Amino acid sequence: MLAPSKRDTRFAVVSGQSVTGMIAAATLAAYGYSVLAIERRKEFSRNIQWAGRQSFINQLSFLNRDLADEFLRKTCGPISLGSTRVDVDGIRVTKQKPLPAYGDPWIIPDSAYDMLEEPACFLVGARRIEMLLRRYLDGLPNVTTVRGEVLNLMGPDAAGRFSLPEIGKPSLIVVAEGASSRTASRLGLESAPTSPARLQIAGQIGLGGDGSMVKQLHREEADVSEVGTISQRGLGRTWVVGDVGPAAGVRTGEDGTTEFDARMTPSSVAAMSKETLARKASVALDVPVSRIMSAGVEGPTTSLPHPRFFSLQQRLMPKAYAGTNLVLMGDTVGTGHWNEGGGMQVGAICHVERLKTLLREIDGGEATEAAVQRYSSAVLDDSQAWGEKGITSFHPLDDADTVLAAYRAGVGAFRRGETDSPLTEIQSSIRDGVCAAASPAGLLERCISA
């Protein structure tokens, strides 16, 4: 593993080269740090597509105006056909979205609450943006990227500082490894669930490329399920993700993993997953299942030939730091529901803004330990904001105001150290509150206003 130059008086390590991790590395480089970026993946393979807000382009323009312009002209695409919401009775309402504009580094929201109020204005494929950012980082003289390795931490020492073998003690270590962070687990930092788990399926179909976004609600036995599709113009593919009912032959285990009927073979699982995703896409897009199947149904990554079942659950860390020189960001801190498009942006926009504040405080002579703790509180605020936006999707038949109030109370108790199980607190509060079943009109109102 390559180390920063011995001439450097300060250097940073970023573990995890997701979009959030790469923008964090570029930000540290912009602040004059020599950066070692570690990524266990050797290539970018995700088929996922995202809907993004203008603030993301503004964040790129802070790093480099040419980078933001290239993203705007060549990487992302406008939501040409608008955002369509479909209620449980099949009523479709389409809203036009603003066009993405040139980046302005002076207009970046101070918090996730503000950022999440912005309308989406572009669609982008994960691999396209990751490759763009990788090329940018590779061109920075003070960034060294090591692929196919994991962060190897030592310590902390008596001062609370972690180090790396043969490198020493970085000024700062940033962990942006995603929701299943190995580093966080090794440090004994475990996130707590803040929502029930919902069984989901994700993949892509060989139709689309029209610049559309659809979010659709539909009744499924005694539940209400949600499906989302994103189709960036010119890609020729549509990303599909959504809830899966219990009749699909697969369920979520107590440990959050997916469990299949013991009689199912790998080939029958593959066939079922393709048919399930095609049905979800058919309802949302109003396209026959047969046409979707003939166009092709694929998995969420280039290495997975069929769609993947997974368990979606909102989670939150009790804190976003360890020792005095290590901080967490992105999905490592907390996760929410995909319906608000918050994941990549909460990390790359809001958590990176908190990182900038941390760097300024350190440069200004603030005590690092206190600055790191303030950073932690701020990024937890951001991740909680995303959780508040998505929590009602896990309780679609309960009163939305009651669910939100219960979430805030449970997460607040968790963050104050009054409970280790915010989910238990949340579910108890919902049961004790006024949990009226939502009418179709109420579901439509929630869907349109989301």
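In the predicted model, helix α9 spans residues 343–363 and holds both Lys356 and Glu353, which lie three residues apart, about one turn of the helix. These two residues form a salt bridge, with the closest N and O atoms 2.6 Å apart. Lys356 is buried, with a relative accessible area of 3%, and Glu353, at 15%, also counts as buried because the cut-off is under 20%.

A search of the whole structure finds 21 salt bridges. One of the pairs is Arg415 with Asp381, at an N to O distance of 2.8 Å. Arg415 belongs to helix α11 (residues 400–415) and Asp381 to helix α10 (residues 368–390), so this pair ties together parts that are 34 residues apart in sequence. Arg415 is partly exposed at 25% relative accessibility, and Asp381 is partly exposed at 31%. Glu366 forms a salt bridge with Arg374, where the closest N and O atoms are 3.3 Å apart. Glu366 is partly exposed, with a relative accessible area of 41%, and Arg374 is partly exposed at 39%. Glu39, Arg41, Arg46 and Glu130 are linked in a network of salt bridges.

Three strands form an open sheet in the order β3-β7-β4, with antiparallel pairing. Strands β3 (49–53) and β4 (77–78) each have a single partner strand, so one side of each is left without a neighbour in the sheet. Two bridges join β4 to β7 (residues 120–125), and Gly77 has Leu123 of β7 as its bridge partner. Helix α2 (residues 54–63) packs on the sheet, touching β3 and β7, and its direction makes about 80° with that of β3.

The unreviewed UniProt entry places a transmembrane region at residues 20–38. In the model, this span is 58% helix and 26% strand, and its end C-alpha atoms lie 13 Å apart.

Key. Residues are numbered from 1 along each chain as its sequence is written. This is a predicted model: local features need pLDDT of at least 70, side-chain atom pairs count only at pLDDT 80 or more; totals for chains, interfaces and linings use all residues. Side-chain values use heavy atoms; hydrogens and water are left out. UniProt positions are given in the numbering used here, feature names are shortened, and annotations may be inferred rather than shown by experiment. Helices (H or I, at least four residues) and strands (E, at least two) are DSSP runs, numbered from the N terminus. Two strands pair if DSSP finds at least two bridges between them. Contact means heavy atoms within 4.5 Å. Axes are lines fitted to C-alpha atoms, for helices over the stretch in contact, and angles run from 0 to 180 degrees between N-to-C directions. A salt bridge is a side-chain nitrogen of Lys or Arg within 4 Å of a carboxyl oxygen of Asp or Glu. Buried means under 20% relative accessible area, exposed over 50%, partly exposed in between (1.4 Å probe, protein chains only).
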